[in-house]
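Opening the notebook on a new chain today. I want to look up its overall build first, then its packing.

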Amino acid sequence: MLDDLFVQLHQLVPGSSVFLKIEGLNPAGSVKLKTAVALVEEAEASGCRFPRTRLIESTSGNLGVALAMVCAAKGYPLTCVTDPNANPQTVRLMEALGAEVVVVTVRDGNSGFLQSRIDYIQQRLRRESDLHWLNQYANPAGPRAHRERTGRSISEALGRVDYVFVGAGTTGTLMGCAEFFRRHSPGTRIIAVDSVGSVTFGGRPARRHIPGLGASRRPEILDETLVDEVVLVSEAEAVAMCRVLASERGLLLGGSTGTVLSAVQSTAKRIPDGSVVVAISPDFGDRYLSTIYDDSWVAENWPELH
């Protein structure tokens with residue numbers, strides 16, 4: 001796995017250095033490969049007997065692809081439970097890698113699909129004794145992987161880091177990076193970036209269209225005491241950032257990256273000159289060509305951007 005590629009975007013915070021940590025060149029196409037490897041290894045260590053045990057996980061897309069890759073290599077059966085917000089290409093990738101894909105279409109009480117996906121998994125677990133839920137929302141193996149790899153690689157590559165902006169989805173990457181810097185660089189400010197409409201940090205629930213960041217249910221692994229600040233970004237802002245970076249910088253990045261970089265830009269005036277700022281880019285934009293980079297889709301959802 002590739003851990004140390006950065007793109008410089010210093011113009012986002014004039015007077016400071018901004019490094020975008022690129023995770024899209026990992027073999028599964030996203031930062032979630034680290035999570036996937038850790039979750040499967042945790043299942044193996046817990047005593048699950050394979051291939052008799054079948055794995056199941058809820059995913060907005062990228063983790064499903066990463067898990068499907070890992071499970072294909074190991075010969076483990078896998079079911080990915082996703083929802084209509086998942087990019088069509090991502091669903092096809094999971095299926096091409098041999099995973100069973102279930103799309104849950106019933107919204108939960110917070111206008112999202114996450115609790116509905118988990119409810120479906122729990123129903124299956126009650127019926128099928130050979131099924132094992134990896135549970136990225138509560139499994140400490142996910143944050144541990146990002147503490148040992150993602151956070152450490154940022155520190156080793158750049159040395160002093162003053163700000164780290166991390167998107168909050170399941171919060172595994174966020175928590176892992178926060179744990180690392182709290183231990184090894186307490187002065188580094190950890191900025192969690194969330195989507196408007198997400199309830200992760202107590203926000204008001206609302207419908208969202210872009211998979212990856214935000215949640216309609218608070219993840220169990222989240223520890224807010226490790227976070228210095230939370231920045232909320234609207235999906236319209238995230239889409240606009242993605243499209244500007246593509247047309248003006250030649251960077252085709254995913255929706256989560258657009259959200260995180262919008263947060264960096266919106267807080268730039270409060271960042272002291274000479275700071276070293278890191279933002280994490282979970283994936284590239286090739287899986288979003290039919291959504292974020294599609295003019296018709298954008299015009300339908302945010303006419304003001306078209």
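My entries on the fold and the cores follow.

Ground rules first: this is a predicted model, where local features need pLDDT of at least 70, side-chain atom pairs count only at pLDDT 80 or more, and totals for chains, interfaces and linings use all residues. Residues are numbered from 1 along each chain as its sequence is written, and side-chain values use heavy atoms, with hydrogens and water left out.

Overall build. I looked up the secondary structure and got 9 helices and 10 strands; these are DSSP runs numbered from the N terminus, helices being H or I with at least four residues and strands E with at least two. The C-alpha trace spans about 55 × 45 × 35 Å along its principal axes. I also checked burial (under 20% relative accessible area, 1.4 Å probe, protein chains only), and 58% of the 306 residues qualify.

A nonpolar core here is a set of buried Ala, Val, Leu, Ile, Met, Phe, Trp, Tyr and Cys residues joined through side-chain atoms within 4.5 Å. The largest one has 27 residues, and Val 40, Leu 55, Leu 67 and Leu 78 have the most contacts inside it. Two or more residues each come from helix 1 (32-45), helix 2 (62-74), strand 4 (78-82), helix 3 (88-96) and helix 5 (141-158). Helix 2 gives the most, with 7 residues.

I then followed Val 40 for contacts (heavy atoms within 4.5 Å). Beyond its neighbours within four places in sequence, Val 40 touches Leu 55, Leu 67, Val 70, Cys 71, Lys 74, Tyr 76 and Leu 134.

How values were computed:
Buried < 20%, exposed > 50% of the residue type's maximum accessible area, 1.4 Å probe, protein only.
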